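Please consult the sequence and the structure shown below.

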Amino acid sequence: MGLDYQLVLWNKHKKTYDKVILIGMLLYIILFASITLVFNSETSIETLVIRAFGTLAILMLHIILIIGPMARLNTRFLPLLYNRRHLGVSMFIAALIHGGFSIFQFHALGDVNPIYSLFTSNMDYDSLTNFPFQVLGFFALLILFAMASTSHDFYLANLSAKIWKRLHMLVYIAYTLIIFHVFLGAFQQETSLFTIVAMCLGFLIITGLHIITGIKEVTIDKQQGTYGDPNWLKVCDIDEIEEDRAKIFTVNNERVAIFKYEDKLSAIHNVCKHQGGPLGEGKIIDGCITCPWHGYQYLPSNGQSPPPFTEKVAIYELKIIGSDVYIKPKALAEGTEVIPINISK
């Protein structure tokens, strides 16, 4: 977490993350160019740049869309999720180079405005086989630009987490536009079986991972607990909760995370105020509940972020009967102080 807004606040992990991205991009471009020149030495520099950066952007977009569900399924992928926005901005730069060179090569050498030419050089908008596929790529690039330009926490805080999240969910619309952009381009310019198969495989992987993650989410929502008392909901046995970890339950249609730490129990609302991360999938670090997505922290006894931060989440009352954990379904106001349950007593 950072209190002051800076253009980029690099730490050791972010520097490593960005170095890996840069090296990976350079290696891909070199490898792509080498293979292309070996098998097609007559390829022009412009065409080489367009194809290299276009395929690089598509590959990076698939990785970006895979990281989310993979991190929900396996915590080892969380370091990739932590600074995923850096990967997103890098992917946009690759897409921008692809789009810029494409517009220059196909639309900037005449006496018509290149953007106007993009929309008017092919007017077969009612044709499936000859649809102007470059227009689809252009709109996808606009969406990626909107996402990259608002990726900083400054925009997240000022737009509100809900609006910011909705804006960045447009990545799926951009992905759909890119799929059609690639498929139509492959059919109209040069039928490439490899391109079609690769895009289909990527789509199936992304779709499959999101479906599996969705099934996991449904399983969590089914963990409702049972009422032994009108005011208290029995949710689990103490031993079902790992030390410094949480177990997630659905209470009054809201997900609640019950954490065990230092021989105590506390329950807070599961949704992080930063980007809606699942707090219950995080752990206790330095006495604070730490969101697994971006490291935002909350005190387990009151749901407040430690000073000077001001984020708050709702907190719930707990009690223990024997080894059974009970929760009062009605949430207390955000920031309310609740004495943690002492397990040993």
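In this predicted model, the buried residues of helix α4 include His-86, Leu-87, Gly-88, Ser-90, Met-91, Phe-92, Ala-94 and Ala-95. Gly-99, Ser-102 and His-107 of α4 are also buried. The buried residues of α4 pack against α1 (12–39), α2, α5 (114–120) and α6 (133–149).

**Helix α4**
- Helix α4 spans residues 84–107, 24 residues in total.
- From first to last C-alpha, α4 reaches 33 Å, close to the 34 Å expected at 1.5 Å a residue.

**Packing of α2 and α10**
- Helix α2 (residues 45–73) packs with helix α10 (residues 193–221) at an angle of about 20°, and their axes are 9 Å apart.
- Because angles under 35 degrees count as roughly parallel, α2 is roughly parallel to α10.
- The two helices, α2 and α10, cross in a left-handed sense.
- On the α2 side, the contact residues include Ile-58, His-62, Leu-65 and Ile-66; on the α10 side, they include Met-199, Gly-202, Phe-203 and Ile-205.
- By class, 12 nonpolar, 4 polar and 3 charged residues form the contact of α2 with α10.

**Backbone features in loops**
- Most residues other than glycine have a negative phi, and most peptide bonds are trans.
- Asp-244, which is not a glycine, has a positive phi of about 65°; Asp-244 lies in the loop between β2 (232–237) and β3 (245–251).
- Asp-244 counts as partly exposed because its relative accessibility is 30%.
- Asn-252, also not a glycine, has a positive phi of about 55° and lies in the loop between β3 and β4 (254–261).
- The peptide bond from Pro-307 to Pro-308 is cis, with omega near 10°, and Pro-308 is located in the loop between β8 (297–298) and β9 (315–316).

Technical notes. Residues are numbered from 1 along each chain as its sequence is written. This is a predicted model: local features need pLDDT of at least 70, side-chain atom pairs count only at pLDDT 80 or more; totals for chains, interfaces and linings use all residues. Side-chain values use heavy atoms; hydrogens and water are left out. Axes are lines fitted to C-alpha atoms, for helices over the stretch in contact, and angles run from 0 to 180 degrees between N-to-C directions. Helices (H or I, at least four residues) and strands (E, at least two) are DSSP runs, numbered from the N terminus. Angles under 35 degrees count as roughly parallel, over 145 as roughly antiparallel, 65 to 115 as roughly perpendicular and the rest as oblique. A crossing is left-handed if the near helix is turned anticlockwise from the far one by less than a right angle, and right-handed if clockwise. Contact means heavy atoms within 4.5 Å. Ala, Val, Leu, Ile, Met, Phe, Trp, Tyr, Cys and Pro count as nonpolar, Asp, Glu, Lys and Arg as charged, and the others, Gly among them, as polar. The expected span of a helix is 1.5 Å times one less than its number of residues. Buried means under 20% relative accessible area, exposed over 50%, partly exposed in between (1.4 Å probe, protein chains only).
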